[in-house]
Every structure is written in C-alpha cells, then in structure tokens.
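The tour goes from one selection to the next and says what to look for at each stop.

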Amino acid sequence: MKLRCAILDDYQDVARNLADWSKLDGVEIKCFTSPIADEAKLAEALKGFAVIIAMRERTPFRESLLSRLPDLRLLITTGMRNASIDMEAAARQGILVCGTGAIGGPAAELTWGLLLALVRHIPAEARNFRDAGDKWQLTLGNGLEGRTLGIVGLGKLGTKVARYGLAFGMDVLAWSRSNTPERSKALGIGFAPTLDDLLRKADVVSLHLVLNAETRGILGARELGLMKKGALLINTSRGPLVDERALVAALQGGRLGGAGLDVFDHEPLPPDHPFRTLANVVATPHLGYVTEENYRIYFNDAAEDIAAWLAGAPVRALNTPAKEAGKS
C-alpha cells in the first residue's frame, strides 16, 4: 500500500510543478487547492494520510485536529516556524514536525509595493486606465521623500524596510523591545524610546513583529489614536497585531489616511468584510511569501524532508515526538 501525502492550501495548483517529487517513489501525492475551514470536514479529508505538507499558517493544526488524524506520522510546515501547529500535542501523538528553508526578502518587498500603491493611488488609477474612463487622471498622489517612516519591529524584515525608506529619502524611526540607540545609529536611522513616541511622529507606520501573547493587539484604538491624522499603516506581518475593529473605525472615520494590508484576522477574508470595499485600503491576499523562488525552496525541501524521514534520518526537525506506539 502506497504512503499517502497531502499538500494543503496549494491555492495556485503549482506544488506538483515546483519540486522533483520523483525521488519519492511509492508515495502518493494529493494536492488540496482550496482551504477547508471546518475541522471535522478537514479531518475527514485527511483520513489515511501519513504525511501532510502545510503551507505556512494557512491551516491550523491544533490538538483537536491532530487527535482526529491517527494515521499522521510526518507533518511538514513551509518555513521553520509555524505558530498554528501545536508542537507539543504533535509530539505527544508521535508526529514528527519538520520545516523547510525560505527566502527572507519577499514580504519586505511587498511592504514597499503596498506603500507605493497607497500613496500614489495605483490601484484606482490602473483600474480607470483599463476602463478607459472619461478622466485621464483621477487623483493627486503623495511623495515619500522627507516623510517619516516608523518601523515597529526591527528584525530582518524590519531592517530591510528601513533601508528601503532611506533609499527613498525618508526619515526612518524604529522601535522594538530589543532595539537600542546604538543599533539604530549603526543603521543610520532614528531611535524611538517607546512605541507611543514612534506612533506620534511617523507619517507611515509599518509593522514587522512576530505574533505572540505580548504583541497580539499591540495596536488598539488608543494606539491608532496616537497616530497623526492622515497617517498610513502597513501590515504585512500578522493581522491580529492590530485590533481589526479599531482599524476599520479609524479608516472609516478618516482618522487614518489609509492602510496597506496583506494579513488579516481570518483568512481567506470574508466576502463582506469592510477591508474589501474601503476606498482608503489597498489589500492583497497574504502574498508576502508567495513567490516562485520561495515556493521552489518550500516544496523541494519538503520532498527532501519526506525522503530523509523515510530513510530514518529526519532533517529540519522542529519537535521531538514520543514513540510512535501503534503506528507502522
């Protein structure tokens, strides 16, 4: 009987073509191109699969789901971190979790694309151009040079975005719990001693934080209220960093000038969500890491993970599973 492998959330139906799966002789691959939100339906769909490849954090693997998957032995996440997988529950159930490599830059590049689209009204102008409307130009854009860019979270991605800001002639200011005046000086940017200080000074605020208990909801109604009237917010990190209802209210009321968003509390975003219709929102469906280069690494590494596991020498392991009692 063939070993069965499920590839989840392959939205573009590209996984089969972006890796060499031929090395996995005897492994049956099935791709799921649409999300399955209902846990019971997902558990039924994944019945009999010994290997599952999860795309980032699109599908959560909580203990309640893992307990419904008695055949699962190897769970692979693209990337080396996935907050949507209960690692301890997987380990208790004897499920090995492995990761893959990744390219770190695409999300930072998308951040800048969203910002440019927002300040120059590119979506509206491009749509009008294609529709051959009566007006040749609709809007007055804004420049970035001389404006203040506030970076919240100065890790790899935040540092990249800070450098983009400097290249565009912006005054860059950064805050994170681990940032220091010395580090900011070395990067040629300003140091914000507190998040409140950064929010009050920035014309554009860009979020680059890991989502955890401390950062969830780090921007609520109070914090959004500290931002300059007409300021812009860019979020390509995680939706729950921002209180969604407070952000909608700030955008609808004109307190903020606009938002560039790639991440949301619930994905895919519900069809009737305000972010889909607000004129001052430029949004994309979580495309930060979605590039051909990244996907080739993801899926080739995933195939390598499976081959190594089958050979009894797992690579890129993220947990230490208990003995697989009762599994074969």
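Two residues are in contact when heavy atoms of theirs lie within 4.5 Å. Keep in mind that this is a predicted model.

**Stop 1: Thr100.** Select Thr100, in the loop between β5 (96-98) and α4. Is Thr100 buried or exposed? Thr100 is buried, with a relative accessible area of 1%. Leaving out residues up to four places away in sequence, Thr100 touches Ile76, Thr77, Thr78, Gly79, Met80, Tyr298, Asp301, Ala302, Asp305 and Arg316. Now show the backbone of Gly79: the side chain of Thr100 reaches its nitrogen at 2.8 Å.

**Stop 2: helix α6.** Select residues 156-167, the twelve residues of α6. At 1.5 Å a residue this helix should span 16 Å, and its end C-alpha atoms are 17 Å apart, which agrees. Next colour Gly158, Thr159, Val161, Ala162 and Gly165, the buried residues of α6. Viewed down the axis of α6, these buried residues fall within an arc of 165 degrees, so they line one face of the helix. An α-helix has 3.6 residues a turn, so residues three or four places apart point the same way. On the face turned away from the buried side, find the exposed residues Lys156, Arg163 and Ala167. What do the buried residues of α6 pack against? They pack against α4 (106-119), β6 (148-152), β7 (171-175), α7 (181-187) and β9 (204-207). Just after α6, stop at Gly169, which has a positive phi of about 80 degrees.

**Stop 3: the largest nonpolar core.** This core has 33 residues; select Val205, Leu219, Leu233, Leu247 and Phe275, which touch the most other members. Among the elements that give two or more residues to this core are α8 (195-201), α9 (221-226) and β11 (258-261). α10 gives the most, with five residues. Centre the view on Leu233: beyond its neighbours within four places in sequence, its contacts include Val205, Leu219, Met227, Val242 and Leu247. Apart from this core lies another, of 27 residues, including Leu18, Ile53, Cys98 and Trp309.

**Stop 4: helix α10.** Select Glu244, Ala246, Leu247, Val248, Ala250 and Leu251, the buried residues of α10. They pack against α9, β10 (232-235), β11 and β12 (281-283). At the start of α10, a side-chain oxygen of Asp243 comes to within 3.1 Å of the backbone nitrogen of Arg245.

Technical notes. Residues are numbered from 1 along each chain as its sequence is written. This is a predicted model: local features need pLDDT of at least 70, side-chain atom pairs count only at pLDDT 80 or more; totals for chains, interfaces and linings use all residues. Side-chain values use heavy atoms; hydrogens and water are left out. Helices (H or I, at least four residues) and strands (E, at least two) are DSSP runs, numbered from the N terminus. The expected span of a helix is 1.5 Å times one less than its number of residues. Buried means under 20% relative accessible area, exposed over 50%, partly exposed in between (1.4 Å probe, protein chains only). The arc is that of the directions from the helix axis to the C-beta atoms. A nonpolar core is a set of buried Ala, Val, Leu, Ile, Met, Phe, Trp, Tyr and Cys residues joined through side-chain atoms within 4.5 Å. A polar contact is a pair of N or O atoms within 3.5 Å; within protein, one must be able to donate a hydrogen and the other to accept it, and residues adjacent in sequence count only if both atoms are side-chain atoms.
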